Amino acid sequence: QVQLAESGGGLVQAGGSLRLSCAASGSIISIDAMGWYRQAPGKQRELVARIDSGGTTTYADSVKGRFSLSRDNAKNTMYLQMNSLKPEDTAVYYCNAGIATIMTPNTYDYRYWGQGTQVTVSS
């Protein structure tokens with residue numbers, strides 16, 4: 001059993017900052033890439049940022065220069081620092097990870113998702 005637990009969402013004014021965390025727990029052998037996605041009302045879920053097992057990051061154009069993604073492999077945790085937030089960043093943010101477990105030691109399964117955390121940016 002694997003769980004991804006997100007935290008750090010909330011309400012902030014435009015120009016403010018938030019830090020999201022995603023902690024993976026359970027029967028984990030190793031974690032491949034991890035990523036944050038977001039979904040605003042009436043819109044499709046989109047990739048915000050992604051970090052591979054070596055620490056290489058990619059960002060959506062809309063957040064480049066404002067968001068910073070990092071991970072602590074010893075803690076199986078990923079962090080998203082969000083600065084200069086805009087009202088259009090308002091969404092539910094979900095974390096996702098490719099995880100090899102005791103039951104599937106040779107496969108990174110990307111079907112693991114967190115429950116989502118709400119980020120609301122007021123203008």
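**Figure 1. The side chain of Asp-89 and the backbone of Lys-86 form a close-up pair in this predicted model.** A polar atom of the Asp-89 side chain lies 2.8 Å from the backbone nitrogen of Lys-86. A polar contact is a pair of N or O atoms within 3.5 Å; within protein, one must be able to donate a hydrogen and the other to accept it, and residues adjacent in sequence count only if both atoms are side-chain atoms. Asp-89 sits in the loop between strand 8 (77–82) and strand 9 (91–101). Strands (E, at least two residues) are DSSP runs, numbered from the N terminus. Is Asp-89 buried or exposed? Asp-89 is buried, because its relative accessible area is 1%. Buried means under 20% relative accessible area, exposed over 50%, and partly exposed in between (1.4 Å probe, protein chains only). Leaving aside neighbours within four places in sequence, Asp-89 is in contact with Arg-38, Arg-66, Phe-67, Ser-84, Val-119 and Val-121. Contact means heavy atoms within 4.5 Å.

Residues are numbered from 1 along each chain as its sequence is written, and side-chain values use heavy atoms, with hydrogens and water left out. In this predicted model, local features need pLDDT of at least 70, side-chain atom pairs count only at pLDDT 80 or more, and totals for chains, interfaces and linings use all residues.

Figure 2. Ser-84 is not a glycine, yet its phi is positive, near 50°. Ser-84 counts as partly exposed, because its relative accessibility is 41%. Ser-84 is also one of the contacts of Asp-89.

**Figure 3. Four strands form an open sheet in the order 1-3-8-7.** The pairing is antiparallel. Strand 1 (2–7) and strand 7 (67–72) stand at the edges. Each edge strand has a single partner, so one side of each is left without a neighbour in the sheet. From one strand to the next, the twist averages 15°. Axes are lines fitted to C-alpha atoms, for helices over the stretch in contact, and angles run from 0 to 180 degrees between N-to-C directions. Two strands pair if DSSP finds at least two bridges between them. Strand 1 and strand 3 (residues 18–26) pair over six bridges, and Leu-4 stands opposite Ala-24 in strand 3.

Figure 4. Strand 3 and strand 8 run antiparallel and share six bridges. Ser-21 is buried, because its relative accessible area is 17%. Beyond four places in sequence, Ser-21 is in contact with Ala-5, Glu-6, Ser-7, Trp-36, Met-78 and Tyr-79. Strand 8 is mostly covered, with five of its six residues buried.

**Figure 5. Strand 7 and strand 8 form a hairpin with four residues between them.** Six bridges join these antiparallel strands. Ser-68 stands opposite Gln-81 in strand 8. Asn-76 lies in the turn and has a positive phi of about 50°, although Asn-76 is not a glycine. Asn-76 is partly exposed, because its relative accessible area is 23%.

**Figure 6. One disulfide is present in the structure.** A disulfide is a pair of cysteine sulfur atoms within 2.5 Å. Cys-22 is joined to Cys-95, with an S to S distance of 2.2 Å. The torsion about the S-S bond is about 55°, so the disulfide is right-handed. The pair links distant parts of the chain: Cys-22 in strand 3 and Cys-95 in strand 9 are 73 residues apart. Both cysteines are buried.

**Figure 7. The largest nonpolar core holds 30 residues.** A nonpolar core is a set of buried Ala, Val, Leu, Ile, Met, Phe, Trp, Tyr and Cys residues joined through side-chain atoms within 4.5 Å. Which residues touch the most other members of this core? They are Trp-36, Leu-80, Met-82 and Tyr-93. Strand 9 gives the largest share, five residues. Not counting residues up to four places away in sequence, Met-82 touches Gly-16, Ser-17, Leu-18, Leu-20, Arg-66, Phe-67, Tyr-93 and Val-119.

**Figure 8. Val-12 is found in strand 2 (residues 10–13).** Val-12 is buried, because its relative accessible area is 14%. Its contacts beyond four places in sequence are Ser-17, Leu-18, Leu-85, Thr-120, Val-121 and Ser-122. The C-alpha atoms of Val-12 and Ala-74 are separated by 30 Å.
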